[in-house]
Amino acid sequence: MNRQRITWLVIGLIFVAMLVARATTGQGIGRVYVKREQIALAQVALAGAAATSAQAVQPLPVGAGVKSEISNSANNAFIPADNQAWESVPLAKATRAWVEWNQVPPKEYFVAQATDPTQTQIVLSWPRTIGLWLAAFFTLAIFSFLYADNIFYKFAEATVIGVSAGYWMVIGFWDTLIPKLFGALTPEYVMQLVQPTLQPTPMSQKISMWFALILGVMMLWRLAPRGGWIAAWPLAFIVGVTAGLKIVSHVESDLMAQTVASMKPVVQLVPAVAGGTDWYASIWATLANALVLVGVICTLVYFLFSVQHKGVVGATARVGVWYLMITFGAAFGFTVMGRIALLAARFEFLFDDWLWLIDPNHLRS
Amino acid sequence: MTLRRMIPMWIAVIGGFVMLLSAFVRPIEGIGENFADAFNVIAAIAVALGAGSLLKVNLSKISRREAGWGFAGVILITFAITLIVGLLKIGVHPSHDFPAALFSGKQETADSPFGWLYEYAMVPLTSTMFALLAFYVASAAFRAFRAKNVEAVLLLVTAFIVLLGRTFAGVVLTGWLPDWASGLRFENLSVYVMQVFNTAGNRAIIIGIALGVAATSLRILLGVDRSWMGGGDSA
Amino acid sequence: MVLGACIGFAKAAAGQVAQHPAQPAAISQTALQAAQPAPTLLKESRLPLFTWILGIAIATTIFVARARGGKPPTIRRIAALEAVDEAVGRATEMGRPILFIPGIQDMDNIQTVAGITMLGRVAKTAAEYDAVIEAPTSRSLVMEAARDAVQASCLAAGRPDAFQPDRINYITDEQFGYAAYVGGKMMREKPAACFYMGCFFAESLIFAENGNAIGAIQIAGTAESSQLPFFVAACDYTLIGEEFFAASAYLSGEPDQLGTLQAQDATKLAILMFIVAGTLAATIAAVMPSADFFAKTSAFLQRAMGN
Amino acid sequence: MNLLKVLDAIDRRWVFLWMGLAVAVPILWIGLTGRTFPETPTPAARAVYEAIDSLPTGSLVLFAFDYDPASSGELQPMSTSLLRQCAAKGHRIVCIALWPLGGNLAQETITNVIREDYPNMREGVDFVNLGYQAGNEGVMKVALTDFIKAFPVDSRGQAASKIEMLRGVKRVSDFPLLINVSAGYPGNKEWIQYVITSSEGKMKMVAGCTGVQAPQMYPYYPAQLAGLLGAIKGAAEYESLVNQSIGGIAPPKYLEAQRRMAPQLFGHLLMVLLIIVGNIIFFANKRGDLR
């Protein structure tokens with residue numbers, strides 16, 4: 001048994017011991033509670049002009065815990081939230097009903113239990129509780145990479161690759177292909193199945209979507225046994241168009257805008273509160289402007305390629321490098337801040353959501 | 001130059017010039033916008049290629065029993081599950097406004113399997129990966145921030161000032177300074193650094209980058225550089 | 001053929017220039033015309049922008065033509081690029097792979113395009129040295145583009161057999177999923193040389209620190225100034241902003257590509273002059289409100305910059 | 001010199017451990033005691049507050065959530081306080097997102113702030129979430145000419161054209177103020193490049209960004225950016241400003257940023273310490289003491 005194995009074992013044992021200790025004291029440890037919400041919706045006729053694409057559907061109270069808020073969609077006709085009301089409405093069709101479980105802070109469960117131990121509205125959610133523990137495991141597994149590459153990290157790595165690759169493909173399908181491509185080419189299906197309020201797409205959009213579809217298929221031709229070279233066309237198109245678009249945006253809003261920003265007066269007179277000029281402040285302001293100007297010039301000189309950095313140019317470039325270094329130092333300092341905040345967030349997850357050691361948001365008390 | 005390489009080049013050149021002109025010619029103003037959508041669609045279609053490569057590489061790992069083939073299996077399984085529950089919106093209720101439309105619900109809804117995967121696998125994994133940076137900045141600073149020369153000194157002194165100036169520590173250390181010297185307080189120093197040196201440095205970097213982008217784009221648009229579609233034989 | 005295209009373009013451009021030469025005065029005239037709103041074919045308000053782009057294009061064409069005419073410019077040495085051969089050679093000696101990361105953005109980002117171009121160059125050297133190059137990507141389109149570039153490079157190097165498509169594979173679009181993969185890969189396969197060329201965000205330091213921990217030669221290049229500090233701190237060589245875009249032209253060593261770098265410098269000098277002149281005019285105008293001429297001049301120059 | 005020798009040859013994993021403790025311990029401490037450090041707002045943060053406060057009550061505010069959970073540790077406190085100030089001031093808020101997950105975060109923030117503390121604000125009248133739109137700058141360009149076309153439906157799947165509060169909105173520049181909290185691309189820079197630059201001063205913008213981006217955003221402040229919140233520090237300063245202005249004892253959810261400043265402090269001190277020690281070692285090495 002080598003040293004690393006032992007280290008892992010010891011860490012693991014200590015950890016489990018602490019976990020057990022924590023779990024058996026106080027409110028216990030990482031659980032997720034959910035509240036039952038009965039959704040029952042009755043479909044009714046629409047009020048006149050509002051009756052466009054969608055069939056409107058009214059929330060309808062049936063029994064306890066019903067979602068009784070009326071959706072304020074312009075397409076929906078309002079009917080009084082009264083049990084049989086929807087039946088009396090002309091053209092009323094069948095209701096659609098389902099149950100939603102929404103997460104609630106543990107304290108709500110504690111309260112509910114205290115008042116009525118037999119209640120079933122707020123219950124422990126096993127899937128989410130397991131999820132919480134899985135999340136904690138993944139968090140620790142990633143952290144373990146800091147010590148050394150290990151089986152837990154490898155597992156976490158494999159999971160994040162698989163899940164995220166799938167995730168982005170799903171997002172691409174539902175948020176890009178469906179609304180943009182199919183929304184433009186086969187609107188009726190999209191309206192029927194996904195988005196009744198889909199806006200009609202203008203001709204130009206339709207054309208560009210057909211175009212995109214063709215280029216996309218050309219891309220996929222790579223998978224075909226022969227003629228894969230055709231995929232070079234869509235790529236070439238993308239690269240060319242990108243070049244055309246970026247040159248405009250960068251020259252306009254970076255090159256020109258930043259140059260204009262540098263063409264400000266160096267001397268700056270700061271008016272004093274009492275009236276007149278605050279010379280002390282003015283001198284500092286002027287100095288600052290001058291320093292900015294010098295910095296911009298020197299750093300630009302550093303970026304010259306076709307001149308050897310010797311003599312005057314070399315000296316100027318050197319100053320430019322100093323400015324760059326200061327810039328980088330500042331960026332570094334700022335970034336540290338952000339990174340620590342992120343780490344803090346992860347620790348808060350472990351201590352608060354999982355271990356229930358701290359309760360900054362008063363979710364449990 | 002072969003036709004097979006000439007056609008793509010001209011596609012790029014023409015496409016690029018049309019976009020360039022669309023910034024100046026009213027009738028074709030809109031096409032730049034349409035391209036953004038078109039690109040997203042092409043990219044979304046092209047993920048099939050990515051998925052293909054992901055499957056191929058991992059399947060061959062498994063079949064060849066390469067080191068860590070088990071994890072390749074984990075990748076494939078998690079990938080497949082996420083894809084299926086997501087594409088079919090399994091367990092997703094329709095939106096409250098349009099229960100009639102089968103797929104009107106958002107796929108990320110918390111109590112759907114996809115939402116579960118997102119919240120309890122993807123979020124903790126990615127944000128913890130992100131959080132590792134806190135450790136890496138520490139070790140990087142410890143190792144690399146050494147006063148080897150003027151440049152290094154400037155780098156670390158600035159980082160120093162900003163680090164102290166951006167917390168309560170700065171206030172404690174230099175808060176005693178009288179008002180006429182308040183400019184030397186860490187929190188103010190760090191603001192000056194940002195507004196003077198950092199502004200100058202970044203401005204030059206931004207201008208330089210803009211020039212670089214312009215030149216790179218022109219190399220493509222004028223067909224001077226074609227190595228983006230395969231190295232070597234330019235000119 | 002391309003030269004023809006360039007010269008043709010130059011002629012066309014020259015024709016254009018006759019109408020509005022790139023002098024401040026002329027620009028301001030056009031800018032003034034822009035003042036009167038009238039739905040015309042062209043967007044006059046953008047004439048300064050047009051003139052600048054045209055100017056850069058003309059400069060490029062002229063310098064390219066000059067370079068081809070046998071006057072190739074001398075380019076200052078860029079240490080990071082002179083280290084490429086060293087890095088590739090080292091990988092060959094150690095019999096370990098080269099890791100190339102073309103950033104995490106898609107092909108609609110010009111940095112990614114520049115990164116792919118660099119990949120082409122590095123892959124060519126690698127093929128000549130007979131070193132293995134691996135390029136995991138975080139976008140499907142980037143994977144395809146990278147494969148094209150590497151394949152073509154292997155051909156150009158006369159080593160078509162050196163092209164192994166499966167070493168250029170898609171991982172995931174997710175930034176940190178990708179980072180997790182690359183981090184783990186580094187720790188396990190210990191590449192001898194790591195190239196980070198493209199658009200990077202937070203993952204930059206995850207790569208650079210792990211690369212440092214395994215003692216790889218690291219050469220980075222990006223225009224994401226937020227990530228430059230980390231590359232500068234943790235990598236052996238870093239291409240800063242504009243240098244990164246100049247890199248592939250520099251490595252190609254082809255006269256016309258080097259010409260474009262000269263064009264970049266020419267534009268840079270023009271910008272410098274504008275800044276100096278503009279600041280002077282503005283300052284004098286601010287100090288002596290009576291000096292009407294300077295106020296006008298500074299207004300001129302600002303409008304020439306599209307303000 | 002022995003200590004230095006040890007430190008010189010030290011395994012980076014010790015540095016990792018120290019950093020872990022420097023962040024974890026304060027969190028526990030704050031969590032148990034509930035104390036936070038005082039904040040003195042910098043001009044940039046104050047400017048954000050002023051920009052929102054100076055608008056007449058009931059103004060339309062566009063709020064772009066361009067980040068994802070990976071960076072919400074840093075940015076969520078900003079969004080929470082920003083939304084809170086807008087709601088408290090009685091502005092009408094239109095939430096959008098150019099990051100796929102931004103839409104959800106907008107929804108969470110709305111639930112967390114508006115639904116809980118400003119229950120009489122009505123969706124579609126006082127606030128609306130138009131959710132995520134794919135297309136990055138493309139969407140901005142569309143919004144320049146036709147806002148409704150860029151964001152056709154809200155998060156409930158309703159046609160934006162039918163939403164009362166959007167009646168007066170033709171193009172994005174009809175919003176007097178844009179609030180953008182962003183973790184990268186697309187984000188602050190793109191909004192400035194494509195929207196603010198071309199709105200000819202009709203539209204003000206205040207931004208919140210991660211520590212990484214803050215340095216590149218400063219060149220845009222105060223010209224193109226009316227105000228800027230840099231990293232958790234900016235968030236904490238702004239948070240304290242909003243809490244002061246609203247008064248009373250702020251509920252814990254409105255102290256998140258200020259709570260996070262404690263781990264910041266110790267993390268930063270550790271970094272400073274590391275840099276100092278690193279240099280002592282460096283000079284000792286130079287003098288040959290470690291040989």
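Student: Is A:Trp279 buried or exposed?
Tutor: This is a predicted model, so the figures here are computed from it. A:Trp279 is found in helix α9 of chain A, residues 279-302. Its relative accessibility is 56%, and the cut-off for exposed is over 50%. Therefore A:Trp279 counts as exposed.

Student: Which residues form a nonpolar patch on the surface with A:Trp279, and what is the accessible area together?
Tutor: Good follow-up! From chain A the patch takes A:Val267, A:Leu269 and A:Ile283 along with A:Trp279, and from chain C it takes C:Val287 and C:Met288. Together their accessible area is about 610 Å².

Student: Let's turn to the interfaces. How much area do chain B and chain A bury between them?
Tutor: The contact involves 127 residues of chain A and 112 residues of chain B. Carbon and sulfur atoms account for 81% of the buried area. The total between chain B and chain A is about 10,800 Å².

Student: How many salt bridges cross the interface of chain B and chain A, and which helices of chain B each supply at least two residues of the side that touches chain A?
Tutor: The rule finds two salt bridges across this interface. One of them joins the side chains of B:Glu151 and A:Arg318, at 2.9 Å from N to O. As for the helices of chain B that each supply at least two residues of the side touching chain A, they are α1 (3-22), α2 (31-63), α3 (69-87), α4 (113-144), α5 (150-165) and α7 (186-221).

Student: And between chain D and chain C, which residues form the salt bridge?
Tutor: Here the contact takes 10 residues from chain C and five residues from chain D. About 600 Å² is buried, with 51% of it from carbon and sulfur atoms. The count is one salt bridge. With the closest N and O atoms 3.4 Å apart, its partners are D:Arg12 and C:Glu209.

Student: Next, D:Lys253. Is this residue buried or exposed?
Tutor: D:Lys253 lies in the loop between α10 (231-246) and α11 (256-287) of chain D. Buried means under 20% relative accessible area. D:Lys253 has 16% relative accessibility, so the answer is buried.

Student: With which side chains does the side chain of D:Lys253 make a polar contact?
Tutor: Start from its contacts, leaving aside neighbours within four places in sequence: they are A:Asn361, D:Thr80, D:Asn112, D:Glu116 and D:Asp117. A polar contact of 2.8 Å joins the side chain of D:Lys253 to that of D:Glu116. Another, at 3.3 Å, is made with the side chain of D:Asp117.

Student: What is the phi of A:Trp356, and what is the phi of D:Ala231?
Tutor: Most residues other than glycine have a negative phi. A:Trp356, in the segment after α10 (311-354) of chain A, counts as buried because its relative accessibility is 4%. D:Ala231 lies in helix α10 of chain D and counts as buried at 0%. Both phi values are positive: near 55 degrees for A:Trp356 and about 60 degrees for D:Ala231.

Notes:
Residues are numbered from 1 along each chain as its sequence is written. Chains are lettered from A and ligands numbered from 1 in the order in which they are written. This is a predicted model: local features need pLDDT of at least 70, side-chain atom pairs count only at pLDDT 80 or more; totals for chains, interfaces and linings use all residues. Side-chain values use heavy atoms; hydrogens and water are left out. Patches are made of residues with over 30% relative accessible area and no salt bridge: like charges are joined within 9 Å, nonpolar side chains (Val, Leu, Ile, Met, Phe, Trp, Tyr) within 5 Å. Accessible areas come from the Shrake-Rupley method with a 1.4 Å probe; for residues, only the protein chains shown count as cover. A salt bridge is a side-chain nitrogen of Lys or Arg within 4 Å of a carboxyl oxygen of Asp or Glu. Helices (H or I, at least four residues) and strands (E, at least two) are DSSP runs, numbered from the N terminus. Buried means under 20% relative accessible area, exposed over 50%, partly exposed in between (1.4 Å probe, protein chains only). Contact means heavy atoms within 4.5 Å. Buried area is the accessible area (1.4 Å probe) that two parts lose on being put together, summed over both. A polar contact is a pair of N or O atoms within 3.5 Å; within protein, one must be able to donate a hydrogen and the other to accept it, and residues adjacent in sequence count only if both atoms are side-chain atoms.
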